[in-house]
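The sequence and structure come first, and the notes follow.

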Amino acid sequence: MDAEQNDSPADPTTRILHDGAEPELGLPVGDPLELTSFYVSRGAPSQGQRSYARHTNRSWEALESALGRLERAEALVFASGMAATLNLMLALADLVAAGRRPRFVLPSDGYHGVRVLADMLLARGIEHTAVDQQDLAAVEQVLASGESAGTAPILWTETPTNPFLRVLDLRALAELARAHGAPLVCDNTTATAALQRPLECGATATLTSLSKAGSGHSDVLLGAVATRDTALLERLTLWRTHGGAIAGPFEAWLALRGLKTLPVRIERQSRSALAIASWLAAHPAVARVHYPGIEAATLELAGRQMPAGFGPLLSFELAGDRSAQRADSIIAKSRLIQHGTSFGGVESSWERRARWPAEHAPPDLIRLSVGLEDPAELRRDLELALRY
Ligand SMILES: *Cc1c(COP(=O)(O)O)cnc(C)c1O
């Protein structure tokens, strides 16, 4: 499989668009939208034959194939990013356990929903701990201490982190994970495979919420896992088939339609986000901006790990009055930027992160997702909003 895929085009958009199949006369140029609960079939179920549509659907197959070509791996899609997270956690826990209790080593500032889910899994015998994963010595210590406590560590990372957009060193984390026999998962939702390839850095699996930039039009909830590990892929498929956290065919079709323009969208969004982050950093109403493209301490690493751009997402803290009320009134003043959670869509959006109870963010931290609007227009809009 690898030899064949190494011949695939280097450009991500070209890889998404072309599956290498010969064009067939008389067939639609678009992808199948297959609305069915079962496929006509008879006899004993066999691998090659579609039967019941909880097992597979050609609309997901088309999306999985494009995601797989993008990551040079096999991909599975799920009902949402969190459905993908839960199924991946369960599959990894099955594979590493062998008499030991699985223990997820999470980033201290990762997506808050993952912490909530990990807390819920405690009662099922799946443990977790959090560590600042920029501190490699601390990660090493946590991995080692878990082993002596009879637990099997699974390193779960996310870079850039959310909402502080800190860049973690994927190659270094993969090396530490390997040394301790731990699988490494990277939540790649913020950068997406268009900007960052965790599997090439040594990760066992990547997790992507396609509800964000992956689909990009803020009209679908979906998640995906990509891996080159066949045992993990098999286990994950079992959890999806029998747990039923499957994608709807229409959602998969929409996500694939969006995915085709992901590299082009995220390139422009990254360029605009970098310009806006630099502008905000010099603004008197702003005390601190978090963005991989302007963070001096990790700039070299970020450039190596995300060579095509630093993504659409940034966050900033206010100078002077740092109250939640001031941040809320700034957000309320924008005409162009949508108010709300989520990110990565074609339209810019922002929110005060600490409004979510499980979030670890200062009360005034505003997370901004830069969309496809003209960056000069966005700056004018921000200038007006920041006057309050
Ligand atoms: C949104 C998000 C998720 C969860 O995805 P859903 O599709 O909303 O379930 C997981 N990780 C990160 C980093 C996210 O931003």
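## The loop between β4 and α7

P163 is located in the loop that runs between β4 and α7. In this predicted model, the peptide bond leading from N162 into P163 is cis, and its omega is near 10°. P160 also has its place in the loop between β4 and α7. The bond that joins T159 to P160 is a cis peptide bond too, with omega at about -10°.

R166 forms a salt bridge with D132 through their side chains, the N to O distance being 3.1 Å. The two partners come from distant parts of the chain, 34 residues apart. R166 belongs to the loop between β4 (151–158) and α7 (170–179), whereas D132 belongs to the loop between β3 (127–131) and α6 (136–148). Across the whole structure, a search finds 21 salt bridges.

Where does the ligand sit? Its site is the second largest pocket. Two elements each give two or more residues to the shell around the ligand: α4 (81–97) and α8 (210–214).

The ligand is surrounded by 14 residues. The closest of them are M82, D187, S209, S211 and K212. By residue class, the shell holds six polar, five nonpolar and three charged residues.

## Polar contacts and cover

For S209, a polar side-chain atom lies 2.8 Å from a ligand oxygen atom. The side chain of S211 likewise places an N or O atom 2.6 Å from an oxygen atom of the ligand. On its own the ligand has 380 Å² of accessible area, and the protein covers 94% of this.

## Points to look up in the model

- The cis bonds from T159 to P160 and from N162 to P163.
- The salt bridge between D132 and R166.

Terms used. Residues numbered from 1 in each chain as written. Predicted model: local features only at pLDDT ≥ 70, side-chain atom pairs only at ≥ 80, totals over all residues. Heavy atoms only, no water. Near = heavy atom within 4 Å. Polar contact = N/O pair within 3.5 Å; in protein donor to acceptor, adjacent residues only side chain to side chain. Areas by Shrake-Rupley, 256 points an atom, 1.4 Å probe, with all protein chains shown as cover. 1 Å grid on protein atoms, 1.4 Å probe; cavity = no way out; pocket = protein on both sides within 12 Å on 5 of 7 lines; lining within 4 Å. Sits in = over half its atoms within 2 Å of the grid points. Helix = DSSP H or I, 4+ residues; strand = E, 2+ residues; numbered from the N terminus. Nonpolar A, V, L, I, M, F, W, Y, C, P; charged D, E, K, R; others polar. Salt bridge = Lys/Arg side-chain N within 4 Å of Asp/Glu carboxyl O.
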